[in-house]
Amino acid sequence: MDARLEIRYAPDSPFVIGESIAIDGVCLTVQTITEQGFACDASSETLARTTLGELTLPATLNIERAMPLGGRMGGHIVSGHVDATGVLLERQAVGEMSKLVFGFPANLARFIAEKGSICINGVSLTINGVGADRFDVMIIPHTAQVTSLGALQPGGRVNLEVDVLARYVLRAAEVDSVGAAEKS
């Protein structure tokens, strides 16, 4: 079943119908502009593969507009193409910060590296530690205040997007190794 998401949001500049926008890390398209924000359509595929299909209303969502060409990039390169969902396993206070430990599916293990980047619900973060099926990140007070990660509790599911550069480097290595094997 498809869904229309109507989102209350006051943008810093007007929306354009057809523009891409990330909602909790999921790339969607602005379909209509309303007095209070905008609306996007989410396909059954998107709802099944992300946490958008599990939303309970009202919900606090992370919203990020696409970076304009030539704009300043403050995080890693993300596309809003969610790779999998994960779950918050632990939340620990570390001074004023929070250490969040997430579980992830096995098929993402080759993309998740210590000091690498990951996108959690649309928030670009640095991975501090990694295990076979879990990784952890630190959330500074500012991130906790301005994103939904501040209120996320253990058991909460999140959208995960791995670093696009890691994905292409791994793919290039796989293709090179196949080509080398065929030449032998």
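Modeller: Gladly! Two strands pair if DSSP finds at least two bridges between them. Helices (H or I, at least four residues) and strands (E, at least two) are DSSP runs, numbered from the N terminus. This is a predicted model, where local features need pLDDT of at least 70, side-chain atom pairs count only at pLDDT 80 or more, and totals for chains, interfaces and linings use all residues. Residues are numbered from 1 along each chain as its sequence is written, and side-chain values use heavy atoms, leaving out hydrogens and water.

Colleague: Why are β1 and β4 called paired?

Modeller: The criterion is at least two bridges. Strand β4 (residues 37-42) and β1 are joined by 6 bridges and run antiparallel, so they count as a pair. Within β4, F38 is the bridge partner of I7.

Colleague: What makes β1 and β5 edge strands?

Modeller: The open sheet holds 5 strands in the order β1-β4-β3-β2-β5, with antiparallel pairing. Both β1 (3-8) and β5 (63-65) pair on one side only, which is what being an edge strand refers to here. Neighbouring strands of this sheet are turned by 40° against each other on average, direction ignored; axes are lines fitted to C-alpha atoms, for helices over the stretch in contact, and angles run from 0 to 180 degrees between N-to-C directions.

Colleague: How do you know that β8 pairs with β9 and with β12?

Modeller: Again, count bridges. Strands β8 (residues 117-120) and β9 (residues 123-126) share 4 bridges, antiparallel, with I120 opposite V123. Strand β12 (residues 157-162) is joined to β8 by 3 bridges, also antiparallel, and I118 stands opposite V162. At least two bridges are required, so both pairings qualify.
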